[in-house]
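Keep the 3D view open and turn it as you read.

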Amino acid sequence: MDKPDVESISGLSPAISIEQKSTSKNPRSTVGTVTEIYDYLRLLFARVGRPFCYSCGKEITSQTTSQIVDTIMGLPAGSRIIIYAPVVRGRKGEYKKELASFLRSGYVRGRVDGINYELTEPIELDKNKKHDIDVIIDRLVVKDGIEKRLADSLETADNLAGGIIKVEVIDGEELLFSKELACIDCGVSYPEMSPRMFSFNNPYGACNTCSGLGVKMYFDPDLIVADKSLSIREGAVVPWAKRTSVFFFQMIDAFARHYKFSLRTPFKKLPEKLQKIILYGSGEDKIKFYYEKDDQRRYIFQEKFEGVIGNLERRYKETESEYIRHEIEKFMNIRDCPECKGSRLKR
Ligand SMILES: [Zn+2]
Ligand SMILES: [Zn+2]
């Protein structure tokens, strides 16, 4: 390197200054939010970001009605066009109700899977197949003076199809327009871009599954059965290991009898299906539990088995004790949120 011009510079205030010690354990506070860099990023994305469809990855653009009118008026004079509202795009269903309601609203013609129909005639659709339904809004010949009617028809199509308009040029191509931020292929639409959309601390932007934390706590089977070479009797199921009540052991005995396994079999040797039942419960399967009270009488009742994790989940939700909460959290682990993959934001 060349020799620097000066030996030292002092008195410059730092661009970013944060202490390295963690001042806050709040997971909503990050380097980005503390330094306010995140605020600028949100603004940047909201103002100049280009939206892409989360389903197909295509860029999403939107046009105003007058822009669409201009495009259509730019077609050669005399071009014949049909304006459609693409109400169903590649989705399964019979759409009986929808078709009837279009007719009631005064739309008499449509195109189903590329074939023209009068909506007055019965249209049988295979509910297991994907269909495309376009309602015909208007037919026009491009020439001066149609602008007003064209704009009205575009608005109608837009309202009916939720932001997407299809225009067929007879003997020409088919044009698709999106008025809102909607993907013309998938129909995926976004609200207007705003900074709060990019904030994980705002319900408007935060992933619903993790509330914007990017991670989810979950009950980790490896923490619940820490040593799989132990049997249930030997304490394989850690949350059960400290249980001492006679009633509890009668329950476990009945459970083992119902599923015909020995409580002395190492956990890892139990069939996988049974391991799952122990952890996650018996589903709809009812088990005949019975227990003896001090009076030597037998009580029998049938009950679904909620599973170790089911039980922990329930108690975690119900308890008001910080101590129990803390005890139960020992069996929980953290992983990236399955919905946002840790990005903290909505799709
Ligand atoms: Zn798409
Ligand atoms: Zn999430």
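In this predicted model, the largest nonpolar core has 27 residues. Those with the most contacts inside this core are Ile83, Tyr84, Ala85, Val135, Ile137, Ala157 and Ile165. Six elements, α3, β1, α4, β4, α5 and β5, each supply at least two residues of the core. The largest share, six residues, comes from β1.

Which residues is Ile83 in contact with, once its neighbours within four places in sequence are left aside? They are Ile137, Asp138, Ser153, Leu154, Ala157, Ile165 and Val167.

Next, look for the open sheet of six strands. Its order is β3-β2-β4-β1-β5-β6, and the pairing is antiparallel. At the edges stand β3 and β6; each has a single partner strand, so one side of each is left without a neighbour in the sheet. Neighbouring strands are turned by 30° against each other on average, if direction is ignored. A helix, α5, packs on this sheet and touches β1, β4 and β5, and its direction makes about 5° with that of β1.

As background, strands of a sheet pair through backbone hydrogen bonds, either parallel or antiparallel. Here are some of the pairs in this sheet:

| Strand pair | Bridges | Direction |
|---|---|---|
| β1 and β5 | four bridges | antiparallel |
| β5 and β6 | five bridges | antiparallel |
| β2 and β4 | three bridges | antiparallel |

Tyr84, one of the core residues with the most contacts, has Lys166 in β5 as its bridge partner. Ile164 stands opposite Ser178 in β6. Arg111 has its bridge partner, Asp134, in β4. Now follow the chain through the hairpin of β5 and β6, which has four residues between the strands. In this hairpin, Asp171 takes a positive phi near 60°.

**A loop residue**

Asp113 sits in the loop between β2 (109–112) and β3 (115–118). Is Asp113 buried or partly exposed? Asp113 is partly exposed, because 15 other C-beta atoms lie within 10 Å, while a buried residue has 20 or more. Leaving aside its neighbours within four places in sequence, Asp113 is in contact with His131 and Asp132. Glu292 is 179 residues from Asp113 along the chain, and 68 Å separate the C-alpha atoms of these two residues.

**The whole protein**

Finally, zoom out. The protein has eleven helices and twelve strands. Its radius of gyration is 32 Å, well over the 20 Å that the globule rule gives for 347 residues, so the protein is more spread out than a compact globule. The C-alpha trace spans about 95 × 85 × 40 Å along its principal axes.

The domain assignment gives domain 1 (65–190) and domain 2 (221–330). Taken over C-alpha atoms, the centres of these two domains are separated by 59 Å. Of the 347 residues, 18% count as buried. Among contacts with a separation of 6 or more, 65% are between residues 24 or more positions apart.

Key. Residues numbered from 1 in each chain as written. Chains lettered and ligands numbered in written order. Predicted model: local features only at pLDDT ≥ 70, side-chain atom pairs only at ≥ 80, totals over all residues. Core = buried A, V, L, I, M, F, W, Y, C linked by C-beta atoms within 7 Å. Buried ≥ 20, exposed ≤ 12 C-beta atoms within 10 Å, placed from the backbone. Contact = placed C-beta atoms within 7 Å. Domains from an automatic or database assignment. Rg over C-alpha atoms; globule rule 2.2 N^0.38 Å. Pairing = 2+ DSSP bridges. Axes fitted to C-alpha atoms, helices over the stretch in contact; angles between N-to-C directions.
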